[in-house]
Amino acid sequence: MSINFLEHKIFDIVSTTAKENGVRAFVIGGYVRDCFLARPCTDIDIVVEGSGIEIAKAVGKKVKSNVSIFKNFGTAMLKYDGLEIEFVGARKESYSHNSRKPIVENGTLKEDQERRDFTINALAFSLQEEDYGNLIDPFGGVADLQNGIIRTPLDPDITYSDDPLRMIRAIRFAAQLGFSISEESLRSIKRNKNRLEILSRERIAEEMNKILMSPKPSIGLQLLQDCELLEQFLPQLSRLQGVETQEGRGHKDNFAHTLQVVDNITTQTDNLWLRWAALLHDIGKPASKRYEPGIGWTFHTHEFIGAKMIPGVFKQMKMPLNEKMKYVQKLVALHLRPTALVEDCVTDSAIRRLLFDAGDDIDDLMILCNADITSKNENKVRKIKENFALVTRKLVEVEAKDAIRNFQNPITGELIMEYFGIEPSRPIGIIKEAIKEAILEGEIENNFEQAFALMKIKGEELGLVHKK
Ligand code: CTP
């Protein structure tokens, strides 16, 4: 089968260079797969029956591009014309970049292909003059692409023990491509679930990010749960599954609900961290669950319990403990507030308090809250959505009037100290807090004159005297 996927001149250059060096070279892996899926791909993997690093150096010289060499991995990479091209020698052993096993090179193409993760990732195009562009597909990868199947080239127990991350990669590809995983593979993943232990959490987090950024993350998340992988690295989430019943009353399955919320939010935002917030928004529920006779199931304060759990989750996933974590934590803590507003009457002061607490993340919070509406009762959903629209309108109105979103107290500590002739001390905080509260409550407007007048009154109440 000859296909014209090798139009870019870099393939010609690699082909000639390999010939000059007396080795065979092939395009392999993701690039070939994505050609068949008509997905754009700028990462090109070249496998060489010989030293990948030597060929990379020779190609680099020709195209006048710097070559980065990763001796430990036996790979070399160069950038050319918007493409990232990675070279590697064909391997007999596991292909994984991060494997702890030693790299065994000097393999043939066939040996290299069979140590790769999936049949759809083991496809290769020849770069030899005599059969240039020929597809080499020893494991039926193209058929698997057509049938939407993730399958390993070898016995899955071998492929997955070579690099256990592949178990999560299988699920990630299923989510990204909407494929199913072969039964044999699924059984093997369940059997080998404990092998996740040896993986670095950073690699798992990277795959989780890709699952969350896929078109329908619930496919991947459900598979992670069903294969019992999720409980290995994110038990807080896995634990949401299940329904308890008392006095004939059950609560909703919070895992299924969470998946629905993540899918909902995926249609509204590409912000990875907002998707993480959706994933984690209810993790405080198991710890807060109570059955109150005559009332039913309650999850009081689960949003605060959940928010407190976020740093632990980030740490355990080796994700950065930075402002992204704080953002997720804030959204989890606030995720009930707009809904609570809808249920009470929507006063301006409640709106101002929400604007004050959410700040610039108010729009994202509203997206999260909208995604969180998953009731099957259509009337209920319609009613909540209508009220939500009202809250959204009010938010815009109140913000235009009072500018609370990036609240800056109109009165600074310096001004208070200067006016009353005092040093840094407790009354300054008390006065500033009183001004903020009065603005949020709507007792005064958010401007300097009214805030200054209140400062004088509060100062006098505290026994302070204006220093002339
Ligand atoms: N590979 C593998 N086992 C792994 C990782 C990678 O066999 N644990 C092989 C696969 O053949 C894969 C190729 O290395 O196609 C390149 O890996 P990578 O760049 O991680 O993945 P892609 O398939 O290109 O897909 P993506 O860029 O979406 O990760």
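Modeller: Before we look at any pair of helices in this predicted model, keep in mind that a helix axis is a line fitted to C-alpha atoms over the stretch in contact, and that the angle between two axes runs from 0 to 180 degrees between N-to-C directions.

Colleague: With that in hand, at what angle do the axes of α13 and helix α20 cross, and within what distance do they come?

Modeller: The axes of α13 and α20, the latter covering residues 362-371, cross at roughly 130 degrees and come within 8 Å. An angle over 145 degrees would count as roughly antiparallel, and the angle here therefore makes α13 oblique to α20. The crossing in which α13 passes α20 is right-handed.

Colleague: Which residues of α13 and α20 meet there?

Modeller: From α13 come Val261, Asn264 and Ile265, and they meet Ile367, Leu368 and Ala371 of α20. Sorted by class, this contact has five nonpolar residues, one polar residue and no charged ones. As a general idea, an α-helix has 3.6 residues a turn, so residues three or four places apart point the same way.

Colleague: How should I read the packing of α13 against α14, and at what angle do these two helices pack?

Modeller: Helix α13, residues 254-266, packs with α14 at an angle of about 160 degrees, and their axes are 8 Å apart. That angle makes α13 roughly antiparallel to α14, and α13 passes α14 in a right-handed crossing. On the α13 side the contact involves Thr258, Val261, Val262, Ile265 and Thr266, which meet Leu274, Arg275, Ala278 and Leu279 in α14. The residues of this contact divide into six nonpolar, two polar and one charged.

Colleague: Is α14 itself buried or exposed?

Modeller: A residue is called buried when its relative accessible area is under 20%. Nine of the nine residues of α14, which spans residues 272-280, are buried, so this helix is largely enclosed by the rest of the structure. Among them are Trp273, Arg275 and Trp276. At the start of α14, a side-chain oxygen of asparagine 271 reaches to within 2.8 Å of the backbone nitrogen of tryptophan 273.

Colleague: Why does threonine 266 count as buried, and what does its side chain reach?

Modeller: Threonine 266 is found in helix α13, and it counts as buried because its relative accessibility is 12%. Its side chain reaches the backbone oxygen of valine 262 at 2.7 Å. Leaving aside residues up to four places away in sequence, threonine 266 touches Leu212, Ser214, Pro215, Pro217 and Arg275.

How values were computed: Residues are numbered from 1 along each chain as its sequence is written. This is a predicted model: local features need pLDDT of at least 70, side-chain atom pairs count only at pLDDT 80 or more; totals for chains, interfaces and linings use all residues. Side-chain values use heavy atoms; hydrogens and water are left out. Buried means under 20% relative accessible area, exposed over 50%, partly exposed in between (1.4 Å probe, protein chains only). Helices (H or I, at least four residues) and strands (E, at least two) are DSSP runs, numbered from the N terminus. A polar contact is a pair of N or O atoms within 3.5 Å; within protein, one must be able to donate a hydrogen and the other to accept it, and residues adjacent in sequence count only if both atoms are side-chain atoms. Angles under 35 degrees count as roughly parallel, over 145 as roughly antiparallel, 65 to 115 as roughly perpendicular and the rest as oblique. A crossing is left-handed if the near helix is turned anticlockwise from the far one by less than a right angle, and right-handed if clockwise. Contact means heavy atoms within 4.5 Å. Ala, Val, Leu, Ile, Met, Phe, Trp, Tyr, Cys and Pro count as nonpolar, Asp, Glu, Lys and Arg as charged, and the others, Gly among them, as polar.
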